[in-house]
Structures are given as structure tokens and as C-alpha cells.
Amino acid sequence: MRRRRNVKVIATLGPASATRERIAELFAAGADIFRINMSHATHDAMRERIQMIRSIEQEQGRPIGILVDLQGPKLRIGDILDGAMMLENGQRFALDLDTSPGNAERVPLPHREILKVLKPGAALLVDDGKLRQRAVGTVEVGGKLSSKKGGNVPDAVLPIAALSAKDRADLDAGLSAGADWIALSFVQRPEDVAEARRAVAGRAGVLAKIEKPSAVDRLDEILELADAVMVARGDLGVELPLEQVPGKRKQIIRRCRRAGKPVIVATQMLESMIAAPVPTRAEASDVATAVFEGADAIMLSAESASGAYPVEAVTMMDRIARSVEGDPHYRGIIEAQRDAPEHSAPDAIMAAARQVAETLNAAAIVSFTSSGSTGLRAARERPGVPVIALTPVARTGRRLALAWGLHCVVTEDAHDLDDMVDRACRIAYREGFAAAGQRIVITAGVPLGTPGATNLLRIAMVGRNETA
């Protein structure tokens, strides 16, 4: 199955997409990667869904990526008398460690580490930012406050571990079940990513979710350690002024592309499709903007997990992406964002492959990649022709399903240079990218099968033998 677009679509699984039949429909509609949110999924449900996805993958003959999203250290207030109360603007209100139920004057905040670092005047947000107050001060934005609501502290870096006990249990279960990507929530600093990398130990890609101002401030350091990044606009939009989020999104995408790391744009992209069969015009424009900006992937959350129209939401995202990529201004915008290649042989080869393919109007670039690094370099170039990533490692193909423009095929590694050319031509024809008489551009590393050693570029003609 060949997608007619470069940006990838991620669909979150949940109650509305819990059966094999529904997951197969989502894949057919355009989902390239499936996300399992461990804030809601049990280990048994996660394993069951992963088995379903692998069954569909085998049936379709195409690698499908699986992203297990850890909940992260969620901060919550304690209980309130009668379950809820109203806070008025300007009233005095305290947060303390007293575990007794809250009242009109105070509420328990059972996180000693937060109270240690909160300075007078620091902002504390509750219930996704709906209520706002200052530490040791007054309520700025009041409203109804209920028990166990989540909290955000945008003005402080909290001395808490990146992985809670629940996260570590979920991570181990996800890796054992065969997850391709582990998403780390509420990253504050590069040390959080380093901690997750040690726990993952190379068994999956590590994806850092950028949803705190401190993570934006230290993005370059985080990018050095993370394999991919998610612009998680939900909490980012709570902790930052809303008017700053679009600019931060653009900055994050540009810096990820410069680093050659896949970047996902997520949260509320087609939010109205949770209950309606079509999105708003603003939502369609939001998705289109992410595609124009060069994001590797765009993600559906509740739209596909619990909404009434999960398949329609994926179909709509696919339609918007294909329409944008067919726009006459699209290539110009993408090319204007391109950075110079790094001073390395693999980067030089991939930059040359893009230029040669576009000059010759080649049908495709075919890249042999074992570790996935060559595939990511090809995606970084954002070429104007399709890229087929050939890999002998199934988990590499699944991870690369996240990267812009890569059509991944799991195949044996080439035995020699003749087999390399024959295999590339045959697969390019079989997958519907090239016809007899068309040229393809091939990249590989010699000696063949050497990870990260891309040093060969070859032009080949798809012959009549491939059509037999």
C-alpha cells in the first residue's frame, strides 16, 4: 500500500478503536503509526492492541509503527469537601501539605517537591489552566475546582524524576510487547531524556514530548539525546501564553529538521471531529499549517481514541495533507527551510542523491538502511521525489514509519552491488513507484550492510525484467 503523501498520520487507539476491524479501517484510511496512551490503557489492553497491529502489518506487508506514550509525573491536588467548590477572583487561597479535605480557604497539594521550589508570586495552574493563582497569594482566575484536578507549574523546574513507578512498569510492558517508540511526557531538561534512554537501552526510539517552557528553553540539548520530538500543544498551551504557541511550534519544527530528528505536531488538531463528522475550517487550516511547516507527522488523539468518527478523522487528515502537498507553493516553502548538509560523507551522499534525483526527474530514491540513520538523512533532505527505505531489520522499518516521506520495505540486505541494483529496481517497480524505463537513484554503504556508512550513490534504469 503506497501513501500519496509524505507527512505521516498517527492515530491514538482507545474505546472507539479497540477492535482489529476498526484498527484495519484506520490503517486503510491513512494511519501510519498507532499511539497507545498509557494514561488510560492497561497492560493487557496495550498488549492486545499491539498484537492486532502486528497481525494487520503481516497481512498488509508494510511496517507499522507503534508509539507507547507514558503518562509522566502527573501533579494533582487532593480531595475537596463535597467534591468541588467555587473560587472567586481575588480571594486568598492556600495550597498546603495537610491531607485533610480542602475548603474555601485551602486545598491539599500532596507534592512536597513542588512547594519546595515554588517562590512567592509563582503561577500555579489547575484543571488544564482553567484556574490560576499565585503561590502564597490570591486567586487570579477563579471558577469551579474539583477534587484530584491536575496542576501545572510553568515558572519552576520541579525536582521530580522523569519516570514515575507507573511509567517504569508501563515502559517495561511496552518494550516487552514490541513498542517501536516510547514517548516521554513532561520533559523538563535533557537529564530526563538521558534517564529514559538508560531505561529503554536501545530497544525502542525515545521521543521527547515538549510541553513545558523549560524544555523549549533547552531544546537543543534535548535534541542531542532524543530520537524524535512531539510538539504537545495541550500542556504547552497551558504553561505558555496561547499566543506564543504557534511561534514556538514553528521554532521546534525548524530545529528538529535541522537536527534530522522526526517531529510530530499533536493535540486538538481536529478536535471538533470527536462529535462531528467534519472539522471546523480553523482546524483544517491548523493541520495544513503543520504540513506546510514540514512536520514529519501529525497526530489524532481523542478524535480516533474516543470520538464518534475515528475513521472519518483519519480520512480527513489524509485528505488535508495530500491537498497541501499538491499545492503549487508547497515545494517552495519546504525547500526554503532546507539547511546545508553536515560535513560528513553520509550527509553529502544524501544531499547529492536528492539533487541528482530532482535533476534527472527520477522516479524515486532507494536507500538501503540497516540502523535507520540513512533513512533519516533522506527524510531530512525533504526531496521532491519519493524515498523507498529498504532495511533487513523489521524494527528499523517500523521506527522509520514516523519519518517524513519514507516508504519502508523490509527485505534481505543486498549480497553484492549487482544484487543491490536488481533489488532496488525490482522493489521500486513492485511497490508502484517506478515503471520500466524510468530511472531511480540508489544510496548504500560499502561494505554492504555496514550501519551508518552511506558512501555510494548509483543511478539505475528499471528494466523490462522487473515487470515479468
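Start by selecting α5, residues 190-200: P190, D192, V193, A194, E195, A196, A199 and V200 are buried there (buried is under 20% relative accessible area, exposed over 50%, partly exposed in between, with a 1.4 Å probe and protein chains only). The helix is largely enclosed by the rest of the structure, because eight of its 11 residues are buried. Helices here are DSSP runs of H or I of at least four residues, strands are runs of E of at least two, and both are numbered from the N terminus.

Keep in mind that this is a predicted model, where local features need pLDDT of at least 70 and side-chain atom pairs count only at 80 or more, while totals for chains, interfaces and linings use all residues. Numbering runs from 1 along each chain as its sequence is written, and side-chain values use heavy atoms, without hydrogens or water.

Now show what covers the buried residues of α5: the cover includes α4 (165-177), β12 (181-184), β13 (205-210) and α7 (219-225). Then click on A201, which follows α5 and has a positive phi, near 55°.

Next, hop to S17, in the loop between β1 (8-13) and α1 (20-29). S17 is buried, at a relative accessible area of 0%. Leaving aside residues up to four places away in sequence, S17 touches T12, R22, I23, L26, S304 and A305 (contact means heavy atoms within 4.5 Å).

While you're here, select R3 and F27. The charged end of R3 sits over the F27 ring, 4.7 Å from its centre (this needs NZ of Lys or CZ of Arg within 6 Å of the ring centre and within 35 degrees of the ring normal).

Which aromatic pair does a search of the whole structure find? Select F292 and Y330: their ring centres are 6.3 Å apart and their planes at 50°, so the pair is tilted (rings of Phe, Tyr and Trp, the last by its six-membered ring, pair with centres within 6.5 Å; planes under 30 degrees apart are stacked, over 60 edge-to-face, the rest tilted). F292 lies in α10 (residues 281-292) and Y330 in α13 (residues 330-336), so the pair ties together parts 38 residues apart in sequence. Colour by accessibility and F292 comes out partly exposed, at 22% relative accessible area, whereas Y330 is buried, at 1%.
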